[in-house]
Amino acid sequence: MEDKEKIKSQISKLEEKYKDSGQDLSSYLDGLLHQRYLTYWDYIHLDTLLSLQVPRTHFPDEEIFIMYHQITELYFKLILHEQKQLVDDKSDNLAFFIEKVRRINSYYTVLISSFSVMIKGMEREQFLQYRMALLPASGFQSAQFRMIELYATPLENLVHITERAQFSSESTIEELYEHIYWKRGATDKDTGEKTLTLKQFEYRYTPRLIRIAKQVENATIYHKYLSLPKEQRQDKTLVESLKTLDINANINWQLMHMGSAHRYLRRDTGDIEATGGTNWKEYLPPSFQKIVFFPELYTEQELNNWGKQWVDHMLNPDKSRVE
Ligand code: HEM
């Protein structure tokens, strides 16, 4: 009896809902009657997902390489999902801020700790052969990686370290973008020319990245932090979680990633050409890039020593992560 009452009440609520939008409830009930039950595999589009790993060579380890990149891109998407909510939030609620940053850090923790799938999980001999079939494609061309940076911090903090002091928030987005640090990566190590990897990335993504930079002008996560009232800005949990995010994104992930580059590409007599002969050794180390999302949170000495652990890390990869 109680159930019948409940159903009646649900039906009258549905009637209201459909009436309000000029729809006929009875037709929708017919639709419900004919609809198939939802399955797990349809809901998450499992067949599509599992059809997306398409190697270009016959080396079995290439599939690991593809899949780990795809997994990483999905985690990047999760990070962006949290960042966008933070940037859009108008409530200035401290607990919300801390929770979003905590989630982002938990995604980075997964990415950093799972990098051994790349570093230890493939045969070097296979890698060096199938990698040649993928040129000039490179993870360097990950647009989501660049978007995470744009949401986190103003463009002037992403200008190449050797030029950063010459720019400020007064500079235009276009000017800053032209001097963004990653334009110095994926260049030919002998001539300094941009490689096709970089040129294609610029051609495909410049309009989109500029649009995002304009959209979050004065509204990045760093701006959000700086505009909090003083006592919230000093909140220990918030400060610690933002520093952890900075170190995860700009040091620890880089260290693990460089571990892969060294394992597969380093050779005593010159580096292997599987990158197309790029300047990766000078470009990738975090202490050379010095990308810091939230500079105000550090002392001058901390900033000067940014990412210096990479030398220790190269010598002892399991022990030198920054906590
Ligand atoms: C065996 C594994 C890997 C190797 C050997 C490798 C190698 C490299 C190299 C040499 C570069 C510098 C750009 C260039 O010279 O082409 C680079 C950049 C990059 N790779 Fe990888 N990579 C590996 C795995 C990954 C994975 C799994 C991802 C995940 C998406 C990734 C994302 C990136 C990103 C975002 C950059 C640009 C980093 C920056 O600008 O600081 N890489 N990679």
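Q: Which residues lie nearest the centre of the largest pocket?
A: Phe65, His69, Ser138, Gly139 and Phe140, out of 44 lining residues. On a 1 Å grid over the protein atoms alone, a pocket is an open set of points where a 1.4 Å probe fits, with protein on both sides within 12 Å along at least five of seven lines; lining residues have an atom within 4 Å of a point.

Q: Which helix gives the most to that lining?
A: Helix 5, with nine residues. Helices are DSSP runs (H or I, at least four residues), numbered from the N terminus.

Q: Is this a model or what?
A: The model is predicted: local features need pLDDT of at least 70, side-chain atom pairs count only at pLDDT 80 or more, and totals for chains, interfaces and linings use all residues. Residues are numbered from 1 along each chain as its sequence is written, and side-chain values use heavy atoms, with hydrogens and water left out.

Q: New topic: is Val101 buried or exposed?
A: Val101 is buried, at 0% relative accessible area. Buried means under 20%, exposed over 50%, partly exposed in between (1.4 Å probe, protein chains only).

Q: What does Val101 touch?
A: Leu86, Ser241, Leu242 and Leu245, leaving aside residues up to four places away in sequence. Contact means heavy atoms within 4.5 Å.

Definitions and conventions:
Helix = DSSP H or I, 4+ residues; strand = E, 2+ residues; numbered from the N terminus.
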